[in-house]
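Colleague: Can you walk me through this one? I have the sequence and the fold open, and I would like to know what to look at.

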Amino acid sequence: MSGKEQDYWQDKVAVVTGGSHGFGRVLAKTLAARGAGIAICGRREDLLRDAARELASVTKSRQYSEPLAIQADVTSAEQVEEFFRRVQEHFGRLDLLVNNAGSSARGLVSETPVEEIARLFDLNCLGTIRCTQAALPSLLESRGHLVQIGSLAAKTASRNLGAYPITKFAVAAYSQQLRLELNEKGVHVLLVCPGPIQKRPSSESSTAPEGTNAAKKGAPGGGVRLRGIPPEKLARKILRACEKRQPELIIPGRARLLFTLQQIVPSWGDWIVNRMTRSSP
């Protein structure tokens with residue numbers, strides 16, 4: 001980008017749910033440094049305050065120098081509606097929604113209580129739907145971007161991830177339906193399916209990534225052997241994919257081969273997934 005060329009994100013307005021920590025915070029910071037006005041939500045006031053200070057220190061927006069950080073739980077319809085009302089009141093527009101808030105899970109799905117499945121589905125899937133519906137009028141007006149943070153588990157399930165793949169498969173289907181419905185109306189929908197995201201030692205993550213050593217119960221990844229993605233690199237790739245209006249972003253890209261094989265010959269796909277994972281002790 002030349003010195004005279006304006007950044008695509010300059011003075012656009014972006015919402016990142018779960019933006020007070022983990023990958024959401026990295027993405028919000030990247031957007032602020034690119035000149036966007038930022039609104040984030042999360043459940044912990046202390047993390048929100050800290051994130052707001054950091055975002056204000058790096059922002060390059062000429063119009064929206066003050067980030068908006070609001071305590072809100074995406075499992076509450078009332079809190080979601082109030083959050084997006086305040087975003088509209090504060091900025092007057094919305095160009096990008098990143099549905100990042102969510103949680104992972106561990107354990108055998110055959111042993112996961114129905115109540116736990118329902119709780120995770122409410123957070124990961126219904127939370128995404130609540131935020132999307134609340135933001136959609138503004139995104140239609142701006143012909144903006146809707147980004148759903150999925151997972152490799154949105155494309156193929158593996159052992160030891162409990163109900164997590166169930167929720168992410170649903171997000172993938174929802175994203176495809178939205179693409180078919182909204183593309184002709186000018187709204188770009190991007191499904192992001194990353195592998196393990198590296199965690200910063202000083203930060204907590206809202207979405208536990210598929211990590212590299214999940215033989216131990218509760219460790220990230222459910223045993224999937226993949227190298228962690230630097231969060232800053234993933235943030236840049238997401239913004240580039242939005243600028244190009246791509247429908248999907250899968251990292252690592254070679255995982256597409258597994259997904260294709262899984263559809264054509266499920267038994268071969270299962271064999272590869274088993275080889276790529278470790279059993280729980």
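This is a predicted model: local features need pLDDT of at least 70, side-chain atom pairs count only at pLDDT 80 or more; totals for chains, interfaces and linings use all residues.

Colleague: What about the protein overall, how many helices and strands?

Modeller: The protein has 8 helices and 7 strands. It has 281 residues, and 53% of them count as buried. Taking contacts between residues at least 6 apart in sequence, 73% join residues at least 24 apart.

Colleague: Now β5. Is it buried or exposed?

Modeller: In strand β5 (residues 145-149), 5 of the 5 residues are buried, so the strand is largely enclosed by the rest of the structure. H145, V147 and I149 are on one side, L146 and Q148 are on the other, and all are buried, which leaves both faces covered.

Colleague: How does β4 pair with β5, parallel or antiparallel?

Modeller: Strand β4 (residues 96-99) pairs with β5 in the parallel sense, over 4 bridges. V98 is the residue opposite V147 in β5.

Colleague: Moving on to α7. Which of its residues are buried?

Modeller: A255, L258, F259 and Q262. They cover an arc of only 100 degrees around the axis, so they sit on the same side of α7. L257 and I264, on the other side of α7, are exposed.

Colleague: How many aromatic pairs are there?

Modeller: The structure holds 3. One of them is Y8 with W9: the ring centres are 4.9 Å apart and the planes are at 80 degrees, so the pair is edge-to-face. Y8 is partly exposed at 31% relative accessible area, while W9 is buried at 0%.

Colleague: What lies over the face of Y8?

Modeller: K12, at 4.1 Å from the ring centre.

Colleague: And how are the rings of F83 and F84 placed?

Modeller: Their centres are 5.0 Å apart with the planes at 70 degrees, so F83 and F84 are also an edge-to-face pair. Both F83 and F84 are buried.

Colleague: Last topic, the backbone. Where is the cis peptide bond?

Modeller: It joins I251 and P252, with omega about 0 degrees. P252 lies in the loop between β7 (248-251) and α7.

Colleague: Which residues other than glycine have a positive phi?

Modeller: N160 is one of them, with phi about 75 degrees. N160 is in the loop between β5 and α5 and is buried, with a relative accessible area of 8%. R245 is another, with phi near 55 degrees. R245 lies in the loop between α6 (231-243) and β7, and at 37% relative accessibility R245 counts as partly exposed.

Methods
Residues are numbered from 1 along each chain as its sequence is written. Side-chain values use heavy atoms; hydrogens and water are left out. Buried means under 20% relative accessible area, exposed over 50%, partly exposed in between (1.4 Å probe, protein chains only). Helices (H or I, at least four residues) and strands (E, at least two) are DSSP runs, numbered from the N terminus. The arc is that of the directions from the helix axis to the C-beta atoms. Rings of Phe, Tyr and Trp (its six-membered ring) pair if their centres lie within 6.5 Å; planes under 30 degrees apart count as stacked, over 60 as edge-to-face and the rest as tilted. A charge sits over a ring if NZ of Lys or CZ of Arg is within 6 Å of the ring centre and within 35 degrees of the ring normal. Two strands pair if DSSP finds at least two bridges between them. Contact means heavy atoms within 4.5 Å.
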